[in-house]
Amino acid sequence: MGATHVFKPQVHEFSNEGATLMEADVLIIGSGAAGLTAALQLAQKYKVVVLAKGALSDGATAWAQGGIAAVLEPGDTFESHIEDTMVAGGGLNNRATVEFVVENAPEAIERLAKLGVPFNLEGNDRHLTREGGHSHRRIVHVDDATGWAVQQALEAAAKSNPNITLVPDRVAIDLILGRHQQRFSTSGRIHGVYALNRKTGKVETFTSRATILACGGAGRTYLYSTAPRGATGDGIAMAWRAGCRISNMEFMQFHPTCLYNLEVKNFLITEAVRGEGGILKNPKTGHRYMPDYDERAELAPRDIVARANDAEIKRDGLDFVHLDISHRPPEFVKEHFPNIYEKLMGLGIDITRDPIPVVPAQHYTCGGVLVDLDGRTDAPGLYAAGEVTQSGLHGANRLASNSLLECFVFGDACAAHIDANWARFPKPPKVRPWDESRVTDSDEEVVIAQCWREIRQFMWNFVGIVRTTKRLERAQHRIDLLRREVADYYSHFRVTPDLIELRNLVEVADLIIRSALARTESRGLHYTLDYPELAMEAVDTVLVP
């Protein structure tokens, strides 16, 4: 984008204490890789406001250990990366999307390097590691904490940009539609969002010409998840309520190797441990079992490895399986996985000598808000990028290290389309403030805690790694009851962060269950004992509000 001057709507002074309205050119909900990528591109010409649910670094980006996939190795090709992505995705991927993302990957890596991301080097070249499902070494990384390094670089660039306003501790409630205008409209256009200020407890109004959802997935729908605490499907639920189609929510990726520890929850053991030679063993027998399940052994795609781990645990009544990389030289292990080594040493596990106890855990939401190659949703003025979307990249199963890549490519795509079509975006209308005139403070917070626990438990048991129609129907029955309870509660009491998240969890859980019931085959991450075979044709599940 050039530096051509354009008219900018007034951005009002905004403080944590008093303001209730903020107007900007572009509003971005989410402060991770996708949101900040879009913000930095747009800020060359426009005033951008970025909302974070908590602290700026609390999202999934900072948690990403592995790396970013890109064709950089001699002998590797775009076609090979595309094919690996299609194979992992069970043929459900949109090939045009896969080509678009893969071909833009090297440029995304270069932009990150220019921002100061200190990718590991091997000689004068970037060190490339390999992960499950990849036919070549093509994963650039920063030790085993790539996401944190990327998040810090993007945040630093955003904080230093005068056209970007970063607003933490705002919990998005609902998108602002025509019905929220002072002059009622049924246009379907999105004009911003209502969000709860965590510090004041007040609901604030953020309006804009264009809005980008970049607020992550719905991992916390499940009891065991590697996702951050805030991954409650907020963007997916808000888009659904605003009239957008949602696609492929049955494809919940379960990471094969989450640390099993009663004191430390949700600590991921990166895919790269297996990529660098780690092997999976049954702790009861010592048997290396992955070759029994797939000829690619530990380098098989995640859905296959997760089901194998689940099968071993259930068959032998285990609490966990072992991931062992102790046969590699100690210095190699420490150099490649310094953060994992340090973390586990603190728990009494020396990974240079001891196996790591691991279990599968929900890891990534492959479905979401349906978008095109420009990041456009069904609602005028609303874009989306990253894990909140179903872009066609992942299909039935995400290939390792394609997730951060999708954030960069689609964050940029959203920004480019907004810039190219800026003249078509009307100035936001006057909207009504949030109405609390008919609600009171809650006198039974226990209801929220109980519903939270109930959803996550039955989703894990009935809508997990291996499914049956009966289990899904049981889950549907329970979610129908909870929807009514939560709707009644929401209508009577003032919103709190927990209530907002619970309302969204109920919504996305329902979308997951409905999507799973609609798919009468086993493909990728959706495996059902009642329909174990693959259907002849690969078809997306698309839910219409």
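This is a short tour of the structure, one selection at a time.

**Before you start**

The model is predicted: local features need pLDDT of at least 70, side-chain atom pairs count only at pLDDT 80 or more, and totals for chains, interfaces and linings use all residues. Residues are numbered from 1 along each chain as its sequence is written, and side-chain values use heavy atoms, with hydrogens and water left out.

**The whole chain**

Show the protein chain as a cartoon. It has 14 helices and 20 strands. Helices (H or I, at least four residues) and strands (E, at least two) are DSSP runs, numbered from the N terminus. The radius of gyration is 23 Å, close to the 24 Å that the globule rule gives for 545 residues, so the chain is as compact as a globular protein of that length. That radius is taken over C-alpha atoms, and the rule is 2.2 Å times the number of residues to the power 0.38. Along its principal axes, the C-alpha trace spans about 70 × 55 × 50 Å.

Buried residues make up 60% of the 545. Buried means under 20% relative accessible area, exposed over 50%, and partly exposed in between (1.4 Å probe, protein chains only).

**Stop 1: strand β1**

Select residues 21-29. This is β1; eight of its nine residues are buried, so the strand is largely enclosed by the rest of the structure. Eight bridges join β1 to β11, and the two run parallel. Strands count as paired if DSSP finds at least two bridges between them. Look for L21, which stands opposite T205 in β11.

I29 has L51 of β2 as its bridge partner. Follow the chain from β1 through helix α1 (residues 33-42) to β2: this β-α-β crossover is right-handed. That is, with the strands pointing away from the viewer, the path from the first strand over the helix to the second runs clockwise.

**Stop 2: K53**

Move on to K53, in the loop between β2 (48-51) and β3 (68-69). Is K53 buried or exposed? At 18% relative accessibility, K53 counts as buried. Show its side chain. A polar contact of 2.6 Å joins it to the side chain of E501. Another, of 2.9 Å, joins it to the side chain of T232. A polar contact is a pair of N or O atoms within 3.5 Å; within protein, one must be able to donate a hydrogen and the other to accept it, and residues adjacent in sequence count only if both atoms are side-chain atoms. Leaving aside neighbours within four places in sequence, K53 is in contact (heavy atoms within 4.5 Å) with residues including D169, R170 and R198.

**Stop 3: N93**

Select N93, in the loop between α2 (78-88) and α3 (95-114). N93 is buried, with a relative accessible area of 8%. Its side chain reaches the backbone oxygen of L393 at 2.8 Å. The backbone oxygen of H394 lies 3.4 Å from a polar atom of the N93 side chain. Not counting residues up to four places away in sequence, N93 also touches others, among them T85, M86 and V98.

**Stop 4: a four-strand sheet**

Finish with an open sheet in the order β19-β17-β12-β20, with mixed pairing. β19 (389-390) and β20 (542-543) stand at the edges, each with a single partner strand, so one side of each is left without a neighbour in the sheet. Zoom in on β12 (residues 246-247) and β17 (residues 368-370). They pair in the antiparallel sense over two bridges. There, S247 stands opposite G368 in β17.
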